Amino acid sequence: MCKQISRERKTAYYIGGFIMAIGFISFLSAFVSGIINFGNFSNFEGQVRSFGIRAFGGAILVIIGGMVRRIGATGLAGSGVILDTEQAREELEPYSRMAGGMVNDALDEVELKFGASSPEKVIMIKCRECGKLNEEDSKFCQECGKEL
């Protein structure tokens, strides 16, 4: 299995992000231009067409950029473009390993560890009358008060 993400996939990821940014800027520019030209009805039809093309084109660029970015991040098989489970497993391996590392980091933060020794065993004594589990040094049941 591949431990590193290929240079081509990294490039596709960054290109997808760039396309998304251009699309987002284009989408927002239509609204900013509309606010700036509010009340200006000269060449109204041309302005509306320009705003619509920029907004719609920007949204399309955001979608396309997101798809390219996902393919770059997870690979063709990992993103579902190619239906090959073995190739998908290989392409997603760096992310699976990273997710496991993130879980370990979170557990370190709360001072828990996988594979750590189990906590001390506690011996409990069961009451013959009510069945309540009591600590081993108890002389009387904590539930019914009978002698243990």
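**Close-up views of aromatic pairs and helix packing**

**View A. Tyr-14 counts as exposed, because its relative accessibility is 60%.** This view, like those that follow, shows a predicted model. Two aromatic pairs are present in the structure. One of them joins Tyr-13 to Tyr-14 in an edge-to-face arrangement, with 5.5 Å from centre to centre and 80° between the planes. The angle of 80° between the planes is over the 60 degrees required for the edge-to-face class. Tyr-13 has a relative accessibility of 29% and therefore counts as partly exposed.

**View B. Phe-27 and Phe-31 form an edge-to-face aromatic pair.** The centres of the rings of Phe-27 and Phe-31 are 5.1 Å apart, and the planes are at 65° to each other. Both residues belong to helix H1, which spans residues 7-36; they are four residues apart, so about one helical turn separates them. Phe-27 counts as partly exposed, because its relative accessibility is 29%. Phe-31 also counts as partly exposed, at a relative accessibility of 47%.

**View C. Helix H1 packs against helix H2, which comprises residues 44-78.** The angle between H1 and H2 is about 160°, and their axes are 7 Å apart. Angles over 145 degrees count as roughly antiparallel, and H1 and H2 are therefore roughly antiparallel to each other.

**View D. H1 and H2 cross in a left-handed manner.** The contact of H1 with H2 contains 15 nonpolar residues, 13 polar residues and three charged residues.

Notes:
Residues numbered from 1 in each chain as written. Predicted model: local features only at pLDDT ≥ 70, side-chain atom pairs only at ≥ 80, totals over all residues. Heavy atoms only, no water. Phe/Tyr/Trp six-rings, centres within 6.5 Å; stacked < 30°, edge-to-face > 60°. Buried < 20%, exposed > 50% of the residue type's maximum accessible area, 1.4 Å probe, protein only. Helix = DSSP H or I, 4+ residues; strand = E, 2+ residues; numbered from the N terminus. Axes fitted to C-alpha atoms, helices over the stretch in contact; angles between N-to-C directions. Parallel < 35°, antiparallel > 145°, perpendicular 65-115°, else oblique. Left-handed = near helix turned anticlockwise from the far one by under 90°. Nonpolar A, V, L, I, M, F, W, Y, C, P; charged D, E, K, R; others polar.
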